[in-house]
Amino acid sequence: MRYARLALQTTRGDLMATSATVITTQLPTYRALLQEWENKRAAAKGFSVPLAELEPLTKNASKDVIVAFRTRPPLPNEAAEKFRANPDAEKASTEPVEFCAGVTVASAEPGVFVAHVPGMKWNGPTLAHKTYEADLAFGPDVTNEEVFQRTVVVNDLLSLSLSGGVACILAYGQTGTGKTFTMESIEHRVARDLFNTARTVGKRFIQAHGTDNTTSPELETGDIFEFRVTFLELLGKHASDLLAVTDKVDEQGNPIRTEVAVREDAVGNVRPGLISTAVRTSEELEALINRALSHRRTTATLRNAKSSRSHALLTITIKNTLLPYAEEGQLILLDLAGSERYEDSKDHDKQRMDEARENNKSLMNLKECVRAKARMAAEQGFVHIPWRTNKLTMLLKPIFDIESRQPSKAMIIAHVSPHIQDTIHSTNTLSYAAPFLTIPPKPRESLPYDASDPRTWDHDQTIEWLTDSFTQEAKKSQVAEWTAKARAAELAGHTLDPLPDDRDAPVDIGVDILKICPPGSTAKNLGMLYTPQFVEACLVARTDTDGDKPTQDEFKRRALDVIGNLVYLILIAKTRKRMEIMNNRKKIAAAKTLLGPVWDETMDKAAKAARAGDGNRIAAFAFARDGLLAQYRAIKAEQEAKEKAKTAEEEDA
Ligand SMILES: Nc1ncnc2c1ncn2[C@@H]1O[C@H](COP(=O)(O)OP(=O)(O)OP(=O)(O)O)[C@@H](O)[C@H]1O
């Protein structure tokens with residue numbers, strides 16, 4: 001039976017051959033093939049947790065990159081418009097124009113999208129079915145509210161940015177698939193929730209800090225955060241400020257905006273000179289978003305009458321006024337330009353084609369960076385992230401820079417069209433985002449103790465380091481206090497007795513270290529806390545509950561110094577490890593080339609032996625590798641000695 005034949009493997013050649021014209025004229029056949037596939041399909045399960053029972057931070061808590069797929073319902077008359085856009089098809093068919101699905105999805109977590117790929121073989125149309133997995137799958141009936149709850153709320157992204165972290169949501173997909181629909185809704189929902197969440201977090205923070213809140217009404221209401229907003233548009237290579245007012249327009253009536261430079265400054269920050277507006281309420285943020293969105297440059301393309309050809313980056317920077325030294329949190333909402341194919345942009349003018357080319361370059365680079373970030377979190381190793389290659393990824397430095405000490409999470413929502421005519425785009429989009437899906441890291445065996453690497457310290461070693469650090473801080477305060485008194489005394493014509501130089505004298509550190517680092521906790525766990533969380537833990541662990549000696553501010557400074565030093569040590573250790581890995585990789589590559597098949601044979605043997613026995617696999621591999629590297633060094637030394645002898649002989653001759 002002709003309809004029963006399904007093409008299991010569809011090559012790119014097949015796809016290209018199956019033009020929109022062919023698909024449209026063969027719709028009844030494709031619909032029948034699809035029906036046949038649906039009849040055989042097992043019933044799909046939906047979300048395991050209903051919307052009303054969702055709680056923050058469940059499954060994806062340990063993931064740095066979360067992938068979601070979304071498709072929208074077909075729009076009224078859209079199928080007919082797609083058909084009409086294709087005059088050949090219109091002539092060739094007498095069928096009424098009806099929608100035919102290009103993707104099938106059961107909304108779930110984790111979820112699966114099946115793309116139906118139409119093809120054409122010598123004996124008729126074929127339909128292949130490609131499966132793509134994501135952390136979250138949203139079908140056409142899922143509302144924007146549910147998307148917000150299952151992405152932003154469940155992953156606690158607002159709290160992350162209120163705690164000094166960086167949360168980033170990116171909408172990716174073909175033009176007209178619903179990116180702006182999703183992002184604008186998220187932007188407005190963020191505007192609605194951010195200030196309430198901030199007040200709740202603020203009140204909790206004040207409670208933990210025991211701040212005297214009678215002095216300031218802001219503190220009473222939990223208003224301890226300052227919010228600033230910027231809105232940048234990246235069109236091709238050109239960045240501009242969506243909040244800057246301009247009355248100049250080009251020939252097509254598009255506003256001409258002053259270009260904003262995107263580059264790293266002397267200290268490594270990427271801070272384009274944008275207008276940064278302070279906002280204090282949902283209404284102010286809402287108004288600002290509306291203003292910027294109305295400025296967003298939009299021009300008609302083949303696909304969507306109001307298509308946006310630019311990336312739009314809304315950044316909300318959040319400062320905790322009670323912790324002026326801590327990093328500022330960031331919430332980045334990025335509506336990416338439509339991922340147009342060359343075929344779709346070639347009817348445009350040169351400027352538009354250049355923009356499309358530039359957009360594609362930036363999207364490819366973004367893919368490399370997100371993939372590397374996802375791999376790094378999953379493998380807990382070192383992976384190079386090429387974020388400096390492109391303006392778009394430079395703007396996302398806080399989430400890609402591995403030397404940044406801010407925790408970060410990226411949520412990518414990939415959008416696909418529901419129509420079979422767009423399947424080629426949909427498979428591009430789904431295969432762009434699917435590799436970001438990683439399995440959360442497995443707990444690893446603990447590393448051997450290294451005094452300079454806090455990640456290797458056990459509980460006792462961490463307690464010892466914390467006690468020592470707080471003691472140093474207390475002594476620093478004593479010296480500072482004495483210096484201030486000595487200066488005052490000098491002004492008054494006295495001389496103060498020198499501070500006794502007793503380095504080992506006990507000092508009251510004013511904090512119960514075991515409360516900061518309870519049994520089971522180690523320096524590695526503390527290093528993963530956000531700075532405000534660590535300070536909060538220290539304040540809870542204060543032994544001087546009146547908080548007058550040292551003062552609250554002085555105590556917070558000490559806590560900040562301690563966590564700063566700990567994170568610095570971790571950063572240095574990571575950098576050292578990275579250099580070691582890079583050097584080792586180079587050495588291993590050279591050894592592999594020199595030893596040829598011996599390398600693989602020896603490593604295979606080690607793997608088999610490790611599988612057969614119950615020894616430590618990593619140690620067995622390391623042992624085999626070190627043996628091979630020793631062989632490599634011996635051969636190299638022998639080669640060098642021979643070379644030297646030969647040169648000496650030649651010189652003698
Ligand atoms: N989930 C949805 N439910 C109903 N309508 C939707 C949905 N998603 C998108 N739409 C509608 O589809 C159309 C295209 O959506 P949108 O403009 O958001 O696409 P886009 O991907 O941002 O396109 P572009 O890249 O061209 O900006 C709009 O009319 C929008 O209202």
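The legends below describe close-up views of a predicted model.

Residues are numbered from 1 along each chain as its sequence is written. Local features are reported only at a pLDDT of at least 70 and side-chain atom pairs only at pLDDT 80 or more, whereas totals for chains, interfaces and linings use all residues.

**View 1. Confidence across the model.** The average pLDDT (the predictor's confidence in each residue, from 0 to 100) is 79, and 81% of the residues score at least 70. Residues 1–17 have a pLDDT below 50, and residues 297–307 stay under 50 as well.

**View 2. The largest nonpolar core.** A nonpolar core is a set of buried Ala, Val, Leu, Ile, Met, Phe, Trp, Tyr and Cys residues joined through C-beta atoms within 7 Å, where buried means that 20 or more other C-beta atoms, placed from the backbone, lie within 10 Å of the residue's own. The largest such core has 98 residues, and F113, L170 and I412 are among those with the most contacts inside it. Helix α8 (residues 179–209; a DSSP run of H or I, at least four residues) gives the largest share, 10 residues. Beyond four places in sequence, L170 is in contact (C-beta atoms within 7 Å) with L334, L336, A410 and I412.

View 3. T177 is buried because 28 other C-beta atoms lie within 10 Å, and T177 touches R72, H415, V416 and S417, leaving aside residues up to four places away in sequence.

Terms used: Two residues are in contact if their C-beta atoms, placed from the backbone, lie within 7 Å. A residue is buried if 20 or more other C-beta atoms lie within 10 Å of its own, exposed if 12 or fewer, and partly exposed in between; C-beta atoms are placed from the backbone. Helices (H or I, at least four residues) and strands (E, at least two) are DSSP runs, numbered from the N terminus.
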